[in-house]
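Here is a short tour to read with the model open beside you.

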Amino acid sequence: MSPAPAARLPGQERPPMPRTFFSTRAGTWTGFAAAAVVLFGLAPLLLTGFRLGLLAQFLCYAIVAVGIGLAWGRGGMLTLGQGVFFGMGAYLMAMHLKMADAEFRNGPGAVPDFMELAGIRELPAYWAPFASPAFTIAMILVLPTAFAILLGLAVFKRRVKGAYFAILSQALAGAFAILLIGQQSLGGFNGLSRFRYFFGFTLADPVNQQMLYFIAAGVLLAVVAIALQLRRSRYGELLVAVRDAEERVRFLGYDAANVKVVAYAVAALFASVAGAVFVPIVGIISPASIGIVPSIMFILGVAIGGRASLVGPVVGALAVAWAQTALSEQFPSAWTYAQGLLFIAVIALLPGGIASVAGVAKRFQTKRTTVEAAA
Amino acid sequence: MNAALTCKGIAVDFDGFKAVDGVDLELNRGEVHFLIGPNGAGKTTLVDAITGLAKYTGSVVKDGEELRGRKVHHIARRGIGRTFQTAAVFENLTVAQNLDIAAGAGRSPWTLLRRRRHLPPHVVETMERIGLADRAETPAGVLAHGQKQWLEIGMLLVGDADVLLLDEPIAGMGHDERETTGRLLHDIAEGRAVAVVEHDMDFMRAFASRVTVLHAGTVLASGSVDDVSNDPRVQEVYLGTAKEAADAASA
């Protein structure tokens, strides 16, 4: 015999829809203003040029993380291959920077220095248009997004999901890195490096380096704003519905695949822009920074920060990148193990990531008080 | 004729096993049409076929349009809605959000990308109708079982479905909830065709306008409650299974 039903449903006493200050309009603006003060005011004031450069690099990872938070946290697509889109944006930007350098040294149509060293005399045809900054920026925005849309349609229309999608996207990252290693006209294993100018500005100048940091910070804020709008829109509700019960959404008359493709393409766009900003900041892009391992690093930050929350992925990505730099300086071999342990700990103990700590603590506290009250 | 949906010669073949074998079915507006039959009779498979989930031969016509071979979401857009044996609501979303999504197939990208300011009037109306008006901001996951079933029905109503296929809508409900649900079914059948897959005979006798009995993938009998109850073949199938069940229990 089943006990009397519905006597005490779990969670029923919880208040409906927790409305915090930050979900209001004023709260949103306050949050953005605070972030802007920290990023544009405090950080340049307190950090040395070297540290600011590192932060700029981490901000690029955070931009990727916001996209993963959307695709994975809200859309349920475990994108283990964001390195592909990050790499696309990075290489496209790097090609422009190399072209600009060559043009500055040897006039229009000149061959970039690394090609000369590899014995390539003739500029490959597909390199030529990247002399134009406008064309390069258009490609950075369009190419990875279009690729993500095509791939997404092919995959999601066939209802590939879950672990199969994760493996597929990871294999793609591996294949992309291998493909690039074989391309001598893209620098092969060494990738592209030694950039001197960024849209006419000397990269060695600290002022311009700071400007690059500001660009990264501005892009991060813009990307978070876009993600916020998507989350709060009807599309955002629909995306969560698809994540939780894809079949059900289909029976309501939606093409669930299209809903997923949008989030996947937006995540790809974010990653591409991050890659493009990353290149002038770090000064090198090679297959090693876009393959399987970096792609997993992107995911790691998001998982630790809290994939379903808005700010969680940003915090997680920054924390992981900072920890990696700080710890690997002192214990180069131990960091990999720490990273693995951290991942296991978060998945096992805190599936919602750092962002859910407050909620978990509160629930723990209420449980204790009810137990104490009952005792 | 007020036939909302006409199915002819539907057959579903699962690797040689005929789960549904040549079923004709007509669903009329204004009627609550019960599909009954023993386990494995093919009731749910028939619903799966109509809604595009299972491949079949035969024909399903709604408003003069053949629906065989169409995708699930196309069929849903043609006004055919269904529920599932286990309530399938979006547990992490509120009642209002569930209904708003159900009402929104066909919204423009522009509408989708903006925030929801107000609930559409017919969503509010439906929320009253299914008795969940005071739970609008409650996550669907914490609703009582019966309330989830009502929410599912509500989701079909706001989606403008005029053929509703409900798979065991009163499973797990208490007596009062069954009564309420039965009245709700007749209420919504006004202008719509409602088909109900059900095991519960008392519920069927109380609320069916028409009954189709399925057995081993074919239609055994069809007609009013009395016609079907007095049909010797139906009695045989049900008494037979009842006898077997009794035998199994005593063994």
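## The sheet in chain B

Two strands pair if DSSP finds at least two bridges between them; strands (E, at least two residues) and helices (H or I, at least four) are DSSP runs, numbered from the N terminus. In chain B, 4 strands form an open sheet in the order β2-β1-β4-β5, with antiparallel pairing. β2 (17-28) and β5 (65-66) of chain B each have a single partner strand, so one side of each lacks a neighbour in the sheet.

Strand β1 (residues 3-14) of chain B pairs with β2(B) in the antiparallel sense over 9 bridges. There you will find B:L5 opposite B:L27 of β2(B).

## About the model

This is a predicted model, where local features need pLDDT of at least 70, side-chain atom pairs count only at pLDDT 80 or more, and totals for chains, interfaces and linings use all residues. Residues are numbered from 1 along each chain as its sequence is written, while chains are lettered from A and ligands numbered from 1 in the order in which they are written.

## Where the chains meet

Counting residues as in contact if their C-beta atoms, placed from the backbone, lie within 7 Å, 24 residues of chain A touch 33 residues of chain B. On the chain A side, α8 (234-244) and α9 (246-251) are the elements that give two or more residues, and α8(A) gives the most, with 7 residues.

How values were computed. Contact = placed C-beta atoms within 7 Å.
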